[in-house]
Amino acid sequence: MKTTLGRTLLSLAATTFAFAAGPVSATGLATCDSGPKDGWQPQAKLEKQLTDQKWQVRRIKVDGGCYEVYAVNEKGERVEAYFHPVTLAPVPTKR
């Protein structure tokens with residue numbers, strides 16, 4: 001009886017941890033302490049900043065509290081880059 005209860009509690013704890021850890025950073029490549037979304041710059045401003053640098057932006061989404069950008073840079077290279085949503089500064093990744 002104790003073994004079954006122990007396994008159940010362990011399983012519940014593991015499931016709870018998995019759900020709690022998941023939303024913080026979907027990919028784990030970058031995280032931003034970006035505060036409430038009402039303080040964020042619009043994605044359109046970041047897109048303009050990048051297109052002014054001759055990037056071809058394919059997609060911008062939120063990941064780990066950062067803007068994650070999929071684009072082709074000025075050299076023609078495919079890029080996955082992260083930017084802080086308040087400052088629009090590039091964020092180093094954990095690659």
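The side chains of Lys-48 and Asp-52 meet in a salt bridge, with N and O 2.9 Å apart. A salt bridge here is a side-chain nitrogen of Lys or Arg within 4 Å of a carboxyl oxygen of Asp or Glu. The model is predicted: local features need pLDDT of at least 70, side-chain atom pairs count only at pLDDT 80 or more, and totals for chains, interfaces and linings use all residues. Residues are numbered from 1 along each chain as its sequence is written, and side-chain values use heavy atoms, with hydrogens and water left out.

Both Lys-48 and Asp-52 belong to helix α2, residues 43–52. They sit four residues apart, about one turn of the helix. Helices (H or I, at least four residues) and strands (E, at least two) are DSSP runs, numbered from the N terminus. Asp-52 is partly exposed, at 49% relative accessibility. Buried means under 20% relative accessible area, exposed means over 50%, and partly exposed lies in between (1.4 Å probe, protein chains only).

The search of the whole structure finds two salt bridges. The other joins Lys-61 to Glu-68, with the closest N and O atoms 3.6 Å apart. Lys-61 is partly exposed, with a relative accessible area of 26%. Glu-68, in contrast, is buried at 0%. Side chains of opposite charge can pair when their charged atoms come close.

Two aromatic pairs were also found. In the pair of Trp-40 and Tyr-67, the ring centres are 5.6 Å apart and the planes stand at 90°, so the pair is edge-to-face. Rings of Phe, Tyr and Trp (its six-membered ring) pair if their centres lie within 6.5 Å; planes under 30 degrees apart count as stacked, over 60 as edge-to-face and the rest as tilted. Trp-40 lies in the loop between α1 (2–21) and α2, and Tyr-67 in strand β2 (residues 66–72), so this pair ties together parts 27 residues apart in sequence. Trp-40 and Tyr-67 are both buried. Trp-55 and Phe-83 make an edge-to-face pair as well, at 6.4 Å centre to centre and 70° between the planes. This pair links distant parts of the chain, 28 residues apart: Trp-55 is in the loop between α2 and β1, and Phe-83 is in strand β3. Both Trp-55 and Phe-83 are buried.

A nonpolar core is a set of buried Ala, Val, Leu, Ile, Met, Phe, Trp, Tyr and Cys residues joined through side-chain atoms within 4.5 Å. The largest core has 13 residues, and those with the most contacts inside it are Leu-46, Leu-50, Trp-55, Ile-60, Tyr-67, Val-69 and Phe-83. Elements α2, β1, β2 and β3 each give two or more residues to this core. A second, separate core of six residues includes Cys-32, Cys-66, Tyr-82 and Val-91. Contact means heavy atoms within 4.5 Å. Beyond its neighbours within four places in sequence, Trp-55 is in contact with residues including Leu-50, Ala-71, Val-79 and Phe-83.

The strands were then examined. Two strands pair if DSSP finds at least two bridges between them. Strands β2 and β3 run antiparallel and are joined by six bridges. Ala-71 has Val-79 in β3 as its bridge partner. Five residues separate the strands of this hairpin, in which Gly-76 takes a positive phi near 85°. Strands β3 and β4 also pair in the antiparallel sense, over two bridges. Here Tyr-82 stands opposite Val-91 in β4.

The hairpin of β3 and β4 has six residues between the strands, and Leu-88 takes a positive phi near 65° there. Leu-88 is buried, at 4% relative accessibility. Lys-54 also has a positive phi, near 70°. Lys-54 lies in the loop between α2 and β1 (56–63), and it is exposed at 63% relative accessibility. Most residues other than glycine have a negative phi.

His-84 lies in the loop between β3 and β4. At 18% relative accessibility, His-84 counts as buried. Its side chain reaches the backbone oxygen of Asp-33 at 3.4 Å. Beyond its neighbours within four places in sequence, His-84 is in contact with Cys-32, Asp-33, Ser-34, Ala-89 and Val-91.

Key. A polar contact is a pair of N or O atoms within 3.5 Å; within protein, one must be able to donate a hydrogen and the other to accept it, and residues adjacent in sequence count only if both atoms are side-chain atoms.
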